[in-house]
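Please open the structure in your viewer and keep a selection tool at hand. The stops below take one selection at a time and say what is to be found there.

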Amino acid sequence: MNRESLCILIVEDNAQLAANLYDYLEGCGHRLDAAPDGLSGLHLATANDYDAIVLDWNLPRLDGLTVLRRLRGESQKKVPVIMLTARDQLADKMDGFESGVDDYLVKPVALPEIEARLRSLVRRLRDAGAPDEQLRIGDLRFHLGNLVAYRGGRRVPLTRTGRRLLELLMRETPKVVSRARLERAAWGDSVPGTDLLRSHMYLLRRAIEVDGEQPLLQTVSGAGYRLCEPT
């Protein structure tokens, strides 16, 4: 059965456990990032869009509960979070859930259970949201509800600017979109003086066309860019 690949962040200071989690989840077809301390984990979680996060409580530099509170408060991130910790007291669990954790697992726990719970959390969040409006071109799809793109079974890594550019191009396909419209979509009225658009289009092309996938993004000389289904 072809199951969807998730993008998961592991924040765990136990190197052996982090490696075991990483290897197992990668073997299940998921894409992984890892951080060995709370501050690095918070930075990654804030700067990127993950499908789910596995978070330890007792972390150096910034404890897991503080990471969670900042993620839910300052960053307004709704990403599902599993707290994976040795703290097994009811008061600890209550603190975790009150701070915004979605699931709470006490170490040790079987790796297949962690993977199953991650999938369940992601599925529950998507089912609870608004109807999943999508833009599609060939095997590329862009979910407008959570601003996540997939091509085939893999998640497409996109920057904030890349998401804006991709949405406009997919809405206008197969029309050519001018450089001026793309720049306005990316930066509004504050278009940088340098030619940043070319760099962002290069990054977008690398994100949606990898591993021998058929080209979708076309440069139209003197006019702009467009997305077209492979012929």
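Begin by selecting Pro-215, which has a relative accessibility of 58% and therefore counts as exposed, the cut-off for that class being over 50%; bear in mind throughout that this is a predicted model. Pro-215 lies in the loop that runs between α8 (196-208) and β11 (217-220). If neighbours within four places in sequence are set aside, the residues in contact with Pro-215 are Glu-209, Cys-228 and Pro-230.

To see the contact, select Arg-179, Leu-182, Glu-183 and Trp-187 on α7, and Leu-196, Leu-197 and His-200 on α8. Coloured by class, this contact of α7 with α8 shows four nonpolar residues, one polar residue and two charged residues.

For the last stop, select Asp-51, in the loop between α2 (38-47) and β3 (52-55). Is Asp-51 buried or exposed? Its relative accessible area is 6%, and since values under 20% count as buried, Asp-51 is buried. Finally, show the side chain of Arg-155 as well, with which the side chain of Asp-51 makes a polar contact at 2.9 Å.

Key: Residues numbered from 1 in each chain as written. Predicted model: local features only at pLDDT ≥ 70, side-chain atom pairs only at ≥ 80, totals over all residues. Heavy atoms only, no water. Helix = DSSP H or I, 4+ residues; strand = E, 2+ residues; numbered from the N terminus. Buried < 20%, exposed > 50% of the residue type's maximum accessible area, 1.4 Å probe, protein only. Contact = heavy atoms within 4.5 Å. Polar contact = N/O pair within 3.5 Å; in protein donor to acceptor, adjacent residues only side chain to side chain. Nonpolar A, V, L, I, M, F, W, Y, C, P; charged D, E, K, R; others polar.
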